[in-house]
Amino acid sequence: MRMNRLTGIVFLLMGFFVFFVCPALAAPKVGTTIKVGGLFDITGPTSIVGAPFADGARDYFRYVNKKGGINGLQTEIIAIDYQYNVQKSMSGFERLSEKENMLGLIGWGSVDVPLLLTKAEEKHVPIISAAARSEAVVGKLHPYGFSIAGSYAEECLSQLAWIRNDAKNRGIAKPRVAFLHVRGTRPDLDRLKKINAFKKSGVELVISELIHSKAMSAASEMARVKEKNVDYVMCEMTVKPTVLALKEAKKLGMKARFCGLFFTANKIMLKLVDAAKAQRDYFASSPVAFTDQGDIEGVKIIQKFTGESHKPVQFVAGWAGAMFLVRGLEKAKITSDMTVIDARKALRDALESIKNARMDGLTMPITMTSQNHRGTKGFRIYKVNWAGKAFEEFPGNFTPSEDLYNDLYKY
Amino acid sequence: MLRPCGNFKRSYYQDEAIFQTNFQRVFLIAFMILLIILPLLAGPYMVNLCIIIGIYIIGAVGLNILTGFTGLISLGHGALVGVGAYVAAILQNHLSFPWPLNLIFAGTAASLVGLVFGLPSLRIKGLYLAMSTLAGQMIFVFAVSNTPNYTGGDVGISVQKISTFIWMSEKTFFYYLVFLTVILSVFCARNLLRTKIGRNLIAIRDNDLSAMVLGVEIGKYRLLSFIISSFYAGIAGAIWAFYAGVIGIEQFSLELSVLYLSIILIGGLGTILGSIYGAIFVVLVPETLSNLATELNRIMSVDVSNYLVIANNGIFGLLIILFLIFKPEGLRKFWEDTKSYFKLWPYSY
């Protein structure tokens, strides 16, 4: 019995050494492979956008490796599925920064990133929010937080600019607007109201309705919207509630035009709208290009590399985010004998000095400074072409006014 | 030296002793020493995992008192953790009280909310009580969402950093804070169950009608169980808020309540050790699988990461199902069976 106990203790100590001591002894140098991290929701509640986003980022790093890597070094993206769970995101970040020695991190920019920004500063890890959904990410300057695109609220400002232009063309002097939102996007509505965004954009907000993201029907909400006789409906929601709203709109015979977020700009949405025989007059805003736009250089590269003519717009966002990170890594002149901390700091400085990055036309040109870590302000507006089952760019410049844009971050 | 073959007890005091043998005492002391020096040896990644495990242990011990020892099912434990987190955050941000006081206030506030959650238990039990605690969880989400001036609403709030020792890294500080809190929590819970209160709780769980006939005030003790359990949840939430630095409503959703229930089910319902094993399981197993998937992806010529991510979830789910089928008493029983096997080896009996 004594031998058994002794053996148990020896095994326990060996396990302790292997799991705890060995990792702590590793020297934190960059090495022959540049490692970056990715925190993606691949199987969680937002996986409909998270999974293609992760694919886009991973494919871009494969593309870079195929082209010879960064300054002669190969790259590796270590993707962690955080399942939209903040605790998992936090332990994932610790693993990527302490165990895997990542130099930079790419993430969607939603629930987890505000939490990670504090940790990122402590460890000097630049975080690229490729789609930047959260105001907390883009709203103020975080030393290690970078966003290549605007937030939901900024996206709404672009939609308002589009509504004003479109209404003018349709002969509507002051368009009446309904605002549909899920719980998560309500703060955006509050912020828009506080800065008087609707009035300043020349539109009248007549009703706002909450549709739960897991709702089975939007009948009563849409009936109330119908009563208000609106010209436009802004759908700041995920795919499912948006489809429910469009379905009810069709049933009620509404003539209003609908517009929605980048979140909904994908082929799944089109299929669901088709299947539900829903309202089809739909527009979506997006900070990145669609793969339906074959004349854009970046789209051609994606199509050639993946061998597929269509990829979801979230894939393009992942690809563009990874591209921005790689631009920084190239500029930082990372070498294998640099310490990880030095390399991270060099990457941050390099990202801050990026000027007018072309991004192969996938986004508007991106410029960062030490005072501004927000990438592009521009959102494109796309209209669904039902014949070709594709999104087509709606011509015009829908960049919000500088005043409104600045007001947004006063609150 | 002659030693008795077996572990005989000659009194009820011996039977109730926390340490049944000297080896247990020595083993625990050695294990404690190991845990004390761990931050000096392990990297921040491991220390972070230990902190998360510790926070889960505190909350799970609380739920085990309610569900495992009193037999009351709660689907609102995540909300009570949230109450602790939000109260700690609000006090930390707006009042200049020392943080340990905020920690105690957070636990107390959660206890008060827990008392309200527990009121239906005076009349209902079982699935009906589960539904009423679920309603409590929903009300919590609604309340937080609609009080943005205090809680940050759907966006969440940052929590001011607590003052730590200058000669210690923040992570190491939290490690020791969690370590001490876990020891205190486990010690209190273990001893609580040896008191009259603990025995009354167990009597209510085993048969509430018989307990009542024997003179146990079941309403009072059920509420007491809710209060104690919620205090643990509040403390866990407060430490999480201090550690994370940012809290949001989605961190304290129904999923968290279900996770806590899974912890005590996997670890072993009605045992303190079960809460510890369960917390270790739900943190380390997915983490190990995720690490394995990364390594596997590195050695494979094609990118299979997406399949591995899905496989990870599948394996984790499968492990839970297998445990519930083959070891319904949880990991604690598994550990005891394994110990017994080696104690008796090479004989079967």
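This report walks through a predicted model with a chain A and a chain B.

## Chain A as a whole

Let us begin with the secondary structure. Chain A contains 15 helices and twelve strands. Its C-alpha trace spans about 85 × 55 × 45 Å along the principal axes. Does that amount to a compact globule, or to something else? For 411 residues, a compact globule would have a radius of gyration near 22 Å, and the value for chain A is 23 Å, so the two agree.

Now look at how the residues sit together. Of the 411 residues in chain A, 60% are buried. Among contacts with a separation of 6 or more, 71% involve residues 24 or more positions apart. The accessible surface of chain A is about 16100 Å², and carbon and sulfur atoms supply 54% of that area. As for charge, chain A carries 58 positive and 41 negative side chains, and the centres of these two sets are 3 Å apart.

## A helix in chain A

Helix α10 of chain A covers residues 239–252.

Several residues of α10(A) are buried, including Val239(A), Val243(A), Leu246(A) and Ala249(A). Glu248(A) is also among the buried residues.

Most residues other than glycine have a negative phi. With that in mind, which residue in the loop between β2 (74–81) and α3 (86–99) of chain A is worth a look? This loop holds Tyr84(A). Tyr84(A) is not a glycine, yet its phi is positive, at about 60°. Its relative accessible area is 28%, so Tyr84(A) counts as partly exposed.

Lys333(A) also has a positive phi, near 50°, and is a residue other than glycine. You can find Lys333(A) in the loop between α13 (313–332) and α14 (340–352) of chain A. Is Lys333(A) buried or exposed? With a relative accessible area of 59%, Lys333(A) is exposed, because the cut-off for that label is over 50%.

## Chain B as a whole

Moving on to chain B, we find 15 helices and two strands. Its C-alpha atoms fill a box of roughly 70 × 65 × 45 Å along the principal axes. A compact globule of 349 residues would have a radius of gyration near 20 Å; chain B has 22 Å, which agrees.

In chain B, 49% of the 349 residues count as buried. Of the contacts between residues at least 6 apart in sequence, 77% join residues at least 24 apart. The accessible surface comes to about 17700 Å², with 71% of it belonging to carbon and sulfur atoms. Chain B has 21 positive and 15 negative side chains, whose centres lie 13 Å apart.

## A helix that meets both chains

Helix α6 of chain B runs over residues 127–145. Its 19 residues should span 27 Å at 1.5 Å a residue, and the end C-alpha atoms are 27 Å apart, so the two values agree.

The buried residues of α6(B) include Leu129(B), Leu134(B), Phe140(B) and Val144(B). What do the buried residues of α6(B) pack against? Within chain B, their partners are α4 (77–94), α5 (99–118), α7 (148–151), α11 (218–244) and α12 (254–267). They also pack against α7 (186–194) of chain A.

How values were computed: Residues are numbered from 1 along each chain as its sequence is written. Chains are lettered from A and ligands numbered from 1 in the order in which they are written. This is a predicted model: local features need pLDDT of at least 70, side-chain atom pairs count only at pLDDT 80 or more; totals for chains, interfaces and linings use all residues. Side-chain values use heavy atoms; hydrogens and water are left out. Helices (H or I, at least four residues) and strands (E, at least two) are DSSP runs, numbered from the N terminus. The radius of gyration is taken over C-alpha atoms; the globule rule is 2.2 Å times the number of residues to the power 0.38. Buried means under 20% relative accessible area, exposed over 50%, partly exposed in between (1.4 Å probe, protein chains only). Contact means heavy atoms within 4.5 Å. Accessible areas come from the Shrake-Rupley method with a 1.4 Å probe; for residues, only the protein chains shown count as cover. Lys and Arg count as positive and Asp and Glu as negative; His and the chain ends are not counted. The place of a charge is taken as NZ of Lys, CZ of Arg, CG of Asp or CD of Glu. The expected span of a helix is 1.5 Å times one less than its number of residues.
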